[in-house]
Amino acid sequence: NVALLDTLVALRDKGNSLLVVEHDEETMRRSDYIIDMGPGAGMFGGEIVARGTVKEVSKDKNSVTGRVLGKPVVHPSRGSRRKLPALKSKEGWLRVKGACANNLKDVDISIPAGRLTVITGISGSGKSSFMRGVLFPSVSESLKRGKSPAFTACKAITGMDHIEAVYEVDQSPIGKTSRSTPATYIKVFDEIRALFAALPAAKMRGYTASRFSFNTEGGRCEACTGHGVIKHEMAFLPTSHVLCEECKGRRYNAPTLEIEYHGRNIGDVMNMTISEAADFFAAHPKIARTLRLLADTGTGYLKLGQPSPTLSGGEAQRLKLVAELSRGVARTENARLRRNQTVKGNLYLIEEPTIGLHPADVARLVDVLHRLVDDGHTVVVIEHNLDIMAEADCILDIGPEAGSEGGRVVAFGTPEEVAKSKESRTAPFLAGVLRD
């Protein structure tokens, strides 16, 4: 980041004008002028909330960005960190021996169970090689084959008695068509359709859950085949989409829309924001829990029926993160019911979840990660964001450089311990945040 900012400043000093879209605090502090958009996100944004120098914006009480600039977050936000198990203890650690994928140099790495661990290091140092090339496949293989798995990226892995399941949250797209929506992706749409099918009016007409799907014939509007818009291909112009005159964008035919739950039909529900829907379905935990988790990460302004291709990168990634987390929690609860006993926690592997997030959204994300750990799960995050690093129970710093000059464990321990490292490239930046 420092190298990039120095380059931008050099371009400015040569007489160029630079317009940068960025959430990074250091980038904002080195800017000459800030234009702060908001006040909220999505349909609640679109206005200029504040403009001016860093000092001027930081004094604006209406600006969320200004509050972040004016009063940096104190870490750890909870006042203390979870204590790490004794390093020499056999209990409480997931240990990988001889990790050797890509540029990793036959390293031994320990991950504390039931803690928030953040993997740091400059780009190309070997963080993803460890998480995606060693940890995920090795743990998956151990869970699948039991005591005698055949490892290819490491020599051995121990401490699996702490792990029930492993879930990786990557950065691939969540949907490419208008039939994919937040509601369908996080699976709450199945529960909503089942709820509508169970209503007396629906039962009298013989409607099943499939009647309330806009992807199948019967309940959807056939004029637009459930898209809500009509697609017009043009020979010499871009394809245009026009609101369906038959259903007015609600995707369903008239008989289906006659079925209402608390005065709202299925079309009205799909037009609700996630926050509105969480309140509307408060009496149905399976629906409300997942929606509330999404709202807590700052995506409450998205609509349940919003086409996935319209989501930004940050929105899509948070949606995928919450989908994986909610599914994992549900699986664990089902396992507890089947076994009638306390089960082991899950291992969540998350790569750079703060991409596209404002500092205020990062704070919400931190709260979600802490809640997962409080529930007994082990969370491992690859991050460059200093606010995430400063909230970790344990930091694993890989490097010191990139490529062949990386692949080693440079520093390990609490953020305060890592900040004292003389070799770590991360340490001086982390130390600055902890002092603040």
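pLDDT is the predictor's confidence in each residue, from 0 to 100. That score matters here since this is a predicted model, in which local features need pLDDT of at least 70, side-chain atom pairs count only at pLDDT 80 or more, and totals for chains, interfaces and linings use all residues. Residues are numbered from 1 along each chain as its sequence is written, and side-chain values use heavy atoms, with hydrogens and water left out. Helices (H or I, at least four residues) and strands (E, at least two) are DSSP runs, numbered from the N terminus.

Let us begin with confidence. The chain has an average pLDDT of 89, and 94% of the residues score at least 70. Confidence is highest in strand E5 (residues 116-120), with a mean of 97, and lowest in helix H13 (residues 313-339), with a mean of 69.

Strand E5 also leads us into the sheet. Here 6 strands form an open, mixed sheet in the order E7-E12-E13-E5-E14-E15; two strands pair if DSSP finds at least two bridges between them. Strand E7 (163-169) and strand E15 (408-413) are at the edges with a single partner strand each, so one side of each has no neighbour in the sheet. From one strand to the next, the twist averages 15 degrees. Within the sheet, E5 and strand E13 (residues 378-382) are parallel partners over 4 bridges, and Ile119 stands opposite Ile382 in E13.

Now look at the helices that pack on this sheet. Helix H5 (residues 127-145) touches E5, E7, strand E12 (345-351), E13 and strand E14 (394-399), and its direction makes about 145 degrees with that of E7. Helix H14 (residues 359-374) touches E5, E12 and E13, at about 150 degrees to the direction of E13. Contact means heavy atoms within 4.5 Å; axes are lines fitted to C-alpha atoms, for helices over the stretch in contact, and angles run from 0 to 180 degrees between N-to-C directions.

Helix H7 (residues 188-197) is largely enclosed by the rest of the structure, because 7 of its 10 residues are buried (under 20% relative accessible area, with exposed over 50% and partly exposed in between; 1.4 Å probe, protein chains only). Among them are Phe189, Ile192 and Arg193. Their cover includes helix H6 (182-185), helix H8 (200-205) and helix H12 (285-299).

Finally, some backbone details. Most residues other than glycine have a negative phi, and most peptide bonds are trans. The bond from His75 to Pro76 is cis, as is the one joining Gly399 and Pro400, the latter residue being in the loop between E14 and E15. Lys248 has a positive phi of about 60 degrees and is exposed, with a relative accessible area of 55%.
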